Amino acid sequence: MKYTYTEQKDTRSGFGAGLAELADTNPNVVALCADLIGSLKMEKFIEKAPERFFQIGIAEANMMGIAAGLTINGKIPFTGTFANFSTGRVYDQIRQSIAYSNKNVKICASHAGLTLGEDGATHQILEDIGMMKMLPGMTVINTCDYNQTKAATLAIADFQGPVYLRFGRPVVPVFIPEDMPFEIGKGILLKEGADVTIVATGHLVWESLLAADTLEKEGISCEVINIHTIKPLDEDIILKSVEKTGRIVTAEEHNYIGGLGESVAGMLSRKRPTIQEFVAVNDTFGESATPAELMKKYGIDSDAVQAAVKRIMKR
């Protein structure tokens with residue numbers, strides 16, 4: 001299938017659309033926000049179900065504790081704030097009140113990675129995937145476009161257990177079909193290839209497709225896999241691909257330490273040792289600039305994916 005796009009939307013709006021639909025379809029869903037209603041696109045949920053919305057204010061730790069408590073009577077709480085405040089600021093509360101007791105809380109995190117751009121390094125969290133995947137029982141999802149984020153939001157409402165759903169601020173291409181089912185823990189083969197496997201997540205999925213198209217014109221055949229669920233990792237789709245290609249490049253908007261690349265490397269080291277290149281931020285904080293400028297400078301755009309593929313072809 002050839003993936004193309006005709007519009008651009010922010011993934012956080014996909015979350016907002018999914019949450020608004022849940023206001024109509026699932027009476028147990030409740031939403032909590034830490035004073036960022038507009039940024040998380042929660043307005044439509046509030047219009048539809050004001051009695052099921054809780055404005056906690058700038059008190060993220062309290063929000064996690066309240067969310068955990070709401071699950072006891074069967075509610076399905078969706079918390080909303082920036083990824084930095086959804087994880088780093090409240091890690092103890094998530095560990096003790098949500099993960100340890102396997103509470104059915106959906107931690108929904110916008111403005112992840114570098115591409116929130118001008119807000120700068122203090123808001124650009126690049127270690128959240130690692131933090132969350134280390135928690136026993138925590139499902140970790142990182143979506144690639146508007147349609148996939150909306151589908152994931154709907155899917156996690158039906159999933160029992162704590163979930164970290166990560167998405168972003170900037171407008172990006174919409175290329176996943178609107179009717180494509182979202183299966184937690186199941187990667188998606190976007191493009192078949194023979195020479196190199198590219199496993200990407202989040203905003204790097206589209207960048208990887210762009211890179212694969214360019215490389216194909218140069219005679220390099222890339223297989224592209226969208227790993228939207230980082231934990232549990234779809235080992236089968238990756239193993240099947242590397243059996244064919246023998247090489248793998250992982251691509252993510254995250255520190256290379258603790259992210260998708262390390263999950264893939266750890267799995268392959270146990271099951272099928274494979275040479276690997278990482279496209280990720282190289283153990284540093286970000287800075288204030290536009291999303292495109294930051295992706296270029298920190299080596300996580302389509303050019304960086306192409307360069308990684310060419311490096312691995314020489315190994």
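Pro232 sits in the loop between β12 (229-231) and α9 (235-245). Helices (H or I, at least four residues) and strands (E, at least two) are DSSP runs, numbered from the N terminus. The peptide bond from Lys231 to Pro232 is cis, with omega near 0 degrees.

This is a predicted model, in which local features need pLDDT of at least 70, side-chain atom pairs count only at pLDDT 80 or more, and totals for chains, interfaces and linings use all residues. Residues are numbered from 1 along each chain as its sequence is written, and side-chain values use heavy atoms, with hydrogens and water left out.

Another backbone feature is at Lys41. This residue is not a glycine, yet its phi is positive, about 60 degrees. Lys41 lies in the loop between β2 (29-33) and α2 (43-48).

Now take the chain as a whole. The domain assignment gives domain 1 (8-174) and domain 2 (188-313); such bounds come from an automatic or database assignment. UniProt, in an unreviewed entry, lists residues 9-174 as "domain: Transketolase-like pyrimidine-binding". Its positions are given in the numbering used here, feature names are shortened, and annotations may be inferred rather than shown by experiment. Over residues 9-174 the chain is 39% helix and 20% strand. The end C-alpha atoms of that stretch are 7 Å apart.

How do the two domains meet? The C-alpha centres of domain 1 and domain 2 lie 25 Å apart. In contact (heavy atoms within 4.5 Å) are 32 residues of domain 1 and 33 residues of domain 2. The size of an interface is often given as the accessible area lost when the parts come together. Here the buried area is about 2400 Å², and carbon and sulfur atoms give 58% of it. That area is the accessible area (1.4 Å probe) that two parts lose on being put together, summed over both. In domain 1, Leu114, Leu126 and Lys133 lose the most area to domain 2, together 27% of what that side buries.

On the side of domain 1 that touches domain 2, the elements giving two or more residues are α6 (128-133), β6 (139-142) and β8 (171-173).
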